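Have the viewer open while you read.

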Amino acid sequence: MRVNTFKSLAIVAAAIGALASAPAHAGKTLDAIKARGQVVCGVNTGLAGFGAADSNGKWTGLDIDICRAVAAATLGDAEKVKYVPLNAQQRFTALQSGEVDVLSRNTTFTLTRDASLGLSDTAVTYYDGQGFMVPVKSKLKSAKQLKGQTVCVQSGTTTEKNLTDFSKASGLGIKPVVFEQLEAAENAYFNGRCIAYTTDASGLASTRNKIAKNPADHIILPELISKEPLGPMVRRGDDEWRAIVTWTIFGLLEAEEYGITQANVDSLKTSSTDPAV
């Protein structure tokens, strides 16, 4: 399940108003955002569908929509967002240090991250799973056929660990070729340095469509080797801020279920007899 591109940011501003305007219990994150007049959002350096900037510098994608919704909820304006592009190694440090207010960067919720990084999960916006992409000419049909093969992967990710675990559990002896930057891992695969490239299945689809000279020359193998619940993260210790981000997402889901948009929210306030609306 995923949250679609949101047309209901106005609803969120109203629905979260009670949380965002309670000065007696205001948290330091919200105070800083109001003083700054801007939500600082950590995002991907460029992953189509999740977070990417076009040639004009306009950011779009699922994770970007979350940033915009949080700005609407806290400041009443979805445009009041500063986007900070972060790679996999930078993202947690940036959130821990306060460089960003929220990390909305196709990030997997895991026990280790929850327990050891001083960060808190909010709500899942996309359920994913790790897969593999290979050239059609390789004639590989299954991840189980990768025995002894090279696989390009980005370091500092759950993807790297999952690849090692999968290889060991399946007795495949896969040879990871590790890169710090996402772009380097992608380019190495397309240049033939590895027989396969692994990341979340959504990322594979994005990479194939965005970078491959001919997407039809590459296939995504059918197996998913992990569970990857993705969603925004915040610093631990500011319960109000976590509640705002979490319930912003819940508000978007609820609005979508009930067909509430910016265009009809005002009329539905007075015309609907549904208590949920």
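Contact here means heavy atoms within 4.5 Å. With that in hand, among contacts in the protein between residues at least 6 apart in sequence, 75% join residues at least 24 apart. A quick word on where this comes from: it's a predicted model, where local features need pLDDT of at least 70, side-chain atom pairs count only at pLDDT 80 or more, and totals for chains, interfaces and linings use all residues. Residues are numbered from 1 along each chain as its sequence is written, and side-chain values use heavy atoms, with hydrogens and water left out.

**Overall build**

The protein has 11 helices and 14 strands; these are DSSP runs numbered from the N terminus, helices being H or I with at least four residues and strands E with at least two. Its radius of gyration is 20 Å, close to the 19 Å that the globule rule gives for 277 residues, so the protein is as compact as a globular protein of that length. (That radius is taken over C-alpha atoms, and the rule is 2.2 Å times the number of residues to the power 0.38.) Along the principal axes, the C-alpha trace spans about 60 × 40 × 35 Å. Of the 277 residues, 49% count as buried, meaning under 20% relative accessible area, with exposed over 50% and partly exposed in between (1.4 Å probe, protein chains only).

**The cores**

A nonpolar core is a set of buried Ala, Val, Leu, Ile, Met, Phe, Trp, Tyr and Cys residues joined through side-chain atoms within 4.5 Å. The largest one has 22 residues, and V102, W241 and V245 touch the most other members. Helix 3 (28–36), strand 1 (39–44), helix 4 (62–75) and helix 10 (239–257) are the elements that give two or more residues to this core. Leaving aside residues up to four places away in sequence, V102 touches a list that includes V39, V40, C41, L95, M233, W241 and V245. Apart from this core lies another, of 13 residues, among them F132, V151, L163 and I174.

**An open sheet and its helices**

Five strands form an open sheet in the order 10-9-11-8-12, with mixed pairing; two strands pair if DSSP finds at least two bridges between them. At the edges sit strand 10 (175–179) and strand 12 (218–220), each pairing on one side only. From one strand to the next, the twist averages 30 degrees. For angles, axes are lines fitted to C-alpha atoms (for helices, over the stretch in contact), and values run from 0 to 180 degrees between N-to-C directions.

Strand 9 (residues 150–154) and strand 11 (residues 196–200) run parallel and are joined by 2 bridges; C152 has Y197 as its bridge partner in strand 11. Helix 8 (residues 182–190) packs on the sheet, and its direction makes about 160 degrees with that of strand 9. Helix 9 (residues 201–211) lies across strand 8, strand 11 and strand 12, at about 125 degrees to strand 11.

**The disulfides**

How many disulfides does a search of the whole structure find? It finds 2, a disulfide being a pair of cysteine sulfur atoms within 2.5 Å.

| Disulfide | S to S | About the S-S bond |
|---|---|---|
| C41 and C67 | 2.0 Å | -65 degrees, left-handed |
| C152 and C194 | 1.9 Å | 75 degrees, right-handed |

C152 in strand 9 and C194, in the loop between helix 8 and strand 11, are 42 residues apart. Both of these cysteines, C152 and C194, are buried. C41 and C67 are buried too. Counting bonded cysteines along the chain, the pattern is 1-2, 3-4.
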